[in-house]
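User: Hi! I've got a structure here that I'd like to talk through. Could you take a look with me?

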Amino acid sequence: MTATTLPQTAGSTAPARRRRPPRLGGYVTMIFATLVLGAPLLWMALASLKAPDELYQVPLQWFPAQPDLDNYAQAAGAIPLGRLLVNSIGLTVVGAGLKVALGLCCAYALVFLDFPFRKVVFGLVIATLMIPPQITIIPNYTLVASLGWLNTYQGILVPGLASAFGTFLFRQHFLTLPRTVLEAAELDGAGHWRKLWRFVVPMSTPTLAAVALVSVVTEWNDYLWPFLVVDDPSKMTLPVGLTLLQNTDGMTNWGVLLAATVVVTLPILLVFLVLQRRLVAGLTAGAVTG
Amino acid sequence: MTTIATTRAPEDPGAPHAGSAAPERTEPQRLRRSRLAAGRRRTALLWALLLAGPNIALLLVFVYRPLVESLYLSTLQWNLGSPTARFVGLGNYVEWFTAPTTGRIVLTTLVFTVATVGGAMVLGLGLALLLNRRLRGRGIARTVAFAPYVLGGFAVGILWLFMFDPRYGLIQELLGWVGIASPQWYTGRPWPLVMVIVVYLWKNLGYVALIYLAGLQAVPQDLKDAAALDGASAARTLRSVVLPLLTPTTFFLLVTMLLSSLQSFDTIKAMTQGGPLGSTTTLMYSIYVESFVNGRAGYASAVATILFLVLLAVTAVQLRFVQQKVHYA
């Protein structure tokens, strides 16, 4: 359709029709949906700032009269909250970093290096996307236990490091890179290491960001594996610490439990709010590239 | 387990320096070239080992080895940590098929899966249609809707447990506004299962909506205009033009949601621990209970294999479907 120059063609009446104010119903529905979907998070945050008598008041009170961090202090007294936060941040940063590096290097080899059984190796990587983690848990648990890795950081970290999804995304991106640039680099005498870091990585920042952010989210939220491997509070991650708090304080002390839940969810929410576009691109990759 | 099958890789153009022997060369030249090529191939292999080796090694040790070992474990009567095991062949599988709890677990899994997948698809499409309209502030709505998807399932379970608290929760308050007494969400069947389903919907709705939104934005406007010119109502256009064009998106989401729903664990662990009386124990949850609560690792491996086969069947259907090229208009 080449209706760009003629304002009177049929092509422009359609946008004009669409520009009419959307019906009120649309706005009402949207605001209602936003409130319903957003309320639980808001409710959690507010509850974590309430005093016990405000929490257990009928009818309910939305806003705390005197918001304070008492619940947070109590949560930090019941479980080593600061230590858990440090553990979670450390394991997430190291885990996501290693995952990105492994995926990046593996994809480089699969795309830019000619070696025997390259297709087989790629198939091996891709097929792991179809193997659910559940089936690997019992053998991995016995292996980690026999290595003496229960209650250690490496026990939490290492079994989940292998990168299949990241490798796949990087490979997809590398196949679209202009080969001439890399051939020119090669003629200038650049080796593979230099080609990878000086040419491929700078041309791949959106994919790098997407893989890194998805890895950060999955590492931070990972629950079942660290829950099985660790029962020493000083080695726990935040989601596992939440289980500890739930078991000790139970449902008797909602304010404290919700304060800890805020500590678990707030960092990842902030990452999401700040880097929304890239994170969403990573999480929905695979669906929208087709 | 991740689905990526709708993505189509462009065919690998092959390595740039796969030496094709040029004709009409003198013998020494050809010899030198082939020696050079052999050297290059060796360097490439070394670099491949260095770069891809660590990742492949980790995959072999922590994915493929346990996969094979799990199949072997499923033929044993073996308790976690026990030094002795007894070979029972297919005994564990036979036990699963005849166990009195199996029927209930399969039914719970079916209800949970159908409700969460179906619900997320329908509500997600509705939300996507809403967000596809030119409404002010729809960016905020999209952010709020997607936010739960990035949160951990365990934390989400805890926060919703408070929402559902029959005495002090927000939901009993809202139900009270319309004069409904709060059901016993924690204890009275079928409410614990309903509760877990609601939470799962809340967490995944934004993802479904976002994928649908991308699909909707790819529907050509002239097709919708043409339908409108033909006098089709909005509902008719949706049914006869938009939805058929969204078939590939729908199929992708159906498979992705099925796989993720069949593997959900964290939220159930936080909210109900599979109870009360096993009423929220899905197939996935039963694997955890058998292996790490009851310690029956051999039997649990058999159940894990059964779940694996179910997931594999879902994926196989998807691969078949994708191969019969879905056509976009």
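Analyst: Happy to! A word on terms before we count anything: helices here are DSSP runs of H or I with at least four residues, and strands are E runs of at least two. Also, this is a predicted model.

User: Good to know. How many helices and strands does chain B have?

Analyst: There are 13 helices and 2 strands in chain B.

User: And what share of chain B counts as buried?

Analyst: Of its 329 residues, 40% are classed as buried. As for contacts within chain B, take those between residues at least 6 apart in sequence: 70% of them link residues at least 24 apart.

User: Let's zoom in on a helix pair. At what angle do α3 and α7 of chain B pack?

Analyst: Helix α3 (residues 102-131) and helix α7 (residues 191-217) of chain B meet at about 40 degrees, and their axes are 6 Å apart. Angles under 35 degrees would count as roughly parallel, so α3(B) is oblique to α7(B).

User: Is that crossing left-handed or right-handed?

Analyst: Right-handed, for α3(B) passing α7(B). The residues of that contact are 20 nonpolar and 5 polar, with no charged ones.

User: Switching topic: how many residues of chain A are in contact with chain B?

Analyst: 84 residues of chain A, and they touch 85 residues of chain B.

User: Which helix gives the largest share on chain A's side?

Analyst: That's helix α2 (residues 24-47) of chain A, with 14 residues.

User: What about the classes there?

Analyst: The side of chain A touching chain B splits into 59 nonpolar, 22 polar and 3 charged residues.

Definitions and conventions: Residues are numbered from 1 along each chain as its sequence is written. Chains are lettered from A and ligands numbered from 1 in the order in which they are written. This is a predicted model: local features need pLDDT of at least 70, side-chain atom pairs count only at pLDDT 80 or more; totals for chains, interfaces and linings use all residues. Two residues are in contact if their C-beta atoms, placed from the backbone, lie within 7 Å. Ala, Val, Leu, Ile, Met, Phe, Trp, Tyr, Cys and Pro count as nonpolar, Asp, Glu, Lys and Arg as charged, and the others, Gly among them, as polar. Axes are lines fitted to C-alpha atoms, for helices over the stretch in contact, and angles run from 0 to 180 degrees between N-to-C directions. Angles under 35 degrees count as roughly parallel, over 145 as roughly antiparallel, 65 to 115 as roughly perpendicular and the rest as oblique. A crossing is left-handed if the near helix is turned anticlockwise from the far one by less than a right angle, and right-handed if clockwise. A residue is buried if 20 or more other C-beta atoms lie within 10 Å of its own, exposed if 12 or fewer, and partly exposed in between; C-beta atoms are placed from the backbone.
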